[in-house]
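This briefing sets out selected features of the structure shown below.

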Amino acid sequence: MKEKGCSVTTSYRTSIPAGTLVTGRWRGGRYLVQRLLGQGANGIVYLVQQAGTRNLYALKMGYDALDLQSEINVLKALQGQHNAEDRDLSYLVEVDDFTLGDREIPFYVMRYVKGEPLSKFLTRRGGQWLDLAGLNLLKQLAALHKGGWVFGDLKPDNVLVSAYGDVELIDYGGVSQNGRSVKQFTEWYDRGFWNAGGRTADAAYDWFSFAVVCIHMLAESRLKTAANQLPQTRSTADLVQIMNQEPRLRPYSNWLKKAISGGFEHTDEAYEMWKRMISRKPVRHSVRRTPGWLKSAFAISLFLLVCAIYLTLR
Amino acid sequence: MKQILLITDGCSNVGQSPVMTASLARQEGITVNVIGIVDYGTIGELGSLEIREIAKAGGGMSQLSGTEKLAQTMQMMTRKTVVQTIQQAVNRELKHILGKTSVEDLPPDKRSEVVEVVDELTETTPLEIALLIDASASMKPKLAAVEEAIRDLMISLNAREGMSRLAVFHFPGRHGGEDAVLDQGWTSDLSGVRSLFQHMAMRGATPTGPAILKVIDFFRYGTINGNQTRPEDNDEREGMLGDYVV
């Protein structure tokens, strides 16, 4: 859940200007702030350059030392899980505090991931890229779930896509241990909001959010209408109805229905089914009929060729 | 852990000072949080000052919120308060052992271990929240949103590993002597409850202070009508211990 506007901590939510040198209190690491990258529920993320090098990193300054540390703990645990076959999930570089005036601001430095949010990516490249981005996203989730974690606050803004559909999850502030309560969530993608189940972190919670993200990407206005109705009447039936109405969602609907009802055994199964679905999807590429004039022109040119050959060989 | 969450849209005007009664609640080990609803017009200088003061005296936090953000604000506050209460206890221990004053003063490595413990306790500590809803005339159009937010809070509480339950009060009652009305006693399940607020008589008076006293009584005795009731607390305590064993 977002916590914007909390009166207790307003003062350090103002962003830090480019050119500021951030020096760690404990380890002395020095980073030059280049620009603002984004804002999560727990803090603000900047693009920074490590002083004296050309290395670029993302640096997150927390609003609250405990909340940020809690997020760091998750990142550390994920780091431990990385193994040879999987992609490196870890991206934690350094953890420290930064003294600004009379305040200590906790921060951590992580790998900088280039890319754009899912919605922007799909608008630019076309909705059919959801096939690939979705597949890669499921792969990431599967790795997370295998380690006993649940992402929680899955939404388009937290999914970063690089040029060829590679996917990176950002903002681990909402990650919870399996079986615990979901720490952060966003209404539209929340199982509880749709009266479809609780907020206990399990793999199915992420599947549900994933499904709503897909619906959001391909049928935003319909989703908006459904979300704005009376809270008591909101249900998964509304989501199913959107799938049936929106032609762009129809190829995905079997998968999506299963995700919404939590019907997969585990995330690997969800991944495999998605994979089968996108490879079998009826290719709707409009086969352009060859125009009549082209056919006759081809026939004439063929005839001329034959004539030409005949004349030369004669 | 005990919390009162007061939801109001104006100033108290009858009876004891709510700041005083909030302070009393704090002494009883109950944290008082306040949300000021600001849908139509403003809550007024005086109103927002009182809200801040009540929360300060009650050891909790205060925030202004529109009804559309109410559910979110309630959950954020509840969670933050749990964390803060635990943090305060941890800080006392730290001071005792290390002479340091707070978690923030620890180097990152040590901080990491302490936060792990805080997170664990945040998830498992038994939690009781009494919601105290201002039902004076101006609040009437907002009550549907308040009820929705309460139901949403219940969903979040139920996801916790520790025991969580809530009770709902509104104030004032129908006649002059009734400072607060119990709408829903301790519960962990609202799905069977058709409508939280029934038999509401909207009156102009806002006896916030006396209403807080009633809720303190309820925490103590399980009723708002004095101390003549059954001590059903015992078996409950056992349940709480059970939660710690995990």
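**Briefing on the two-chain model**

The rule finds five salt bridges across the interface of chain A and chain B. The model is a predicted one. Over all chains, a search of the whole structure finds 23 salt bridges.

**Interface of chains A and B**

- Chain A contributes 34 residues to the contact, and chain B contributes 33 residues.
- About 2800 Å² is buried between chain A and chain B, and carbon and sulfur atoms give 51% of this area.
- One salt bridge joins the side chains of A:Arg180 and B:Glu161, with an N to O distance of 3.1 Å.

**Chain A as a whole**

- Chain A has nine helices and eleven strands.
- Of its 314 residues, 49% count as buried.
- Where contacts in chain A join residues at least 6 apart in sequence, 56% of them link residues at least 24 apart.
- An unreviewed UniProt entry places a "transmembrane region" at residues 293-313 of chain A. In the model, this stretch is 100% helix and 0% strand, and its end C-alpha atoms lie 30 Å apart.

- Strand E3(A), residues 43-50, is mostly covered, as six of its eight residues are buried.
- E3(A) pairs with strand E2(A), residues 30-39, in the antiparallel sense over seven bridges. The two strands form a hairpin with three residues between them, and A:Val33 has A:Val48 in E3(A) as its bridge partner.
- E3(A) also pairs in the antiparallel sense with strand E4(A), residues 56-62, over seven bridges. Here A:Leu47 stands opposite A:Ala58 in E4(A).
- Five residues separate E3(A) and E4(A) in their hairpin, and A:Gly52 in the turn has a positive phi of about 85°.

- A:Lys60 counts as buried because its relative accessible area is 1%, under the 20% cut-off.
- Beyond its neighbours within four places in sequence, A:Lys60 is in contact with residues including A:Ile44, A:Val45, A:Leu68, A:Glu71, A:Phe107 and A:Asp171.
- The side chains of A:Lys60 and A:Asp171 meet in a salt bridge, 3.3 Å from N to O. This pair links distant parts of the chain, 111 residues apart, with A:Asp171 in the loop between strands E10 and E11 of chain A and A:Lys60 in strand E4 of chain A.
- A:Asp171 is likewise buried, with a relative accessible area of 18%.

**Further charged pairs**

- A:Lys146 and A:Asp268 form a salt bridge in which the closest N and O atoms are 3.4 Å apart. The partners are 122 residues apart, A:Lys146 in helix H3 and A:Asp268 in helix H8 of chain A.
- A:Lys146 is exposed at 62% relative accessible area, whereas A:Asp268 is partly exposed at 31%.
- A:Glu269 in helix H8 and A:Lys258 in helix H7 of chain A are eleven residues apart, and the closest N and O atoms of their salt bridge are 3.3 Å apart.
- A:Glu269 is partly exposed at 23% relative accessible area, and A:Lys258 is partly exposed at 28%.
- A:Arg25, A:Asp97, A:Glu104 and B:Arg111 are joined into one network by salt bridges that share partners.

Methods
Residues numbered from 1 in each chain as written. Chains lettered and ligands numbered in written order. Predicted model: local features only at pLDDT ≥ 70, side-chain atom pairs only at ≥ 80, totals over all residues. Heavy atoms only, no water. Buried < 20%, exposed > 50% of the residue type's maximum accessible area, 1.4 Å probe, protein only. Helix = DSSP H or I, 4+ residues; strand = E, 2+ residues; numbered from the N terminus. Pairing = 2+ DSSP bridges. UniProt positions renumbered as here; feature names shortened; annotations may be inferred. Contact = heavy atoms within 4.5 Å. Buried area = accessible area lost by both parts, 1.4 Å probe. Salt bridge = Lys/Arg side-chain N within 4 Å of Asp/Glu carboxyl O.
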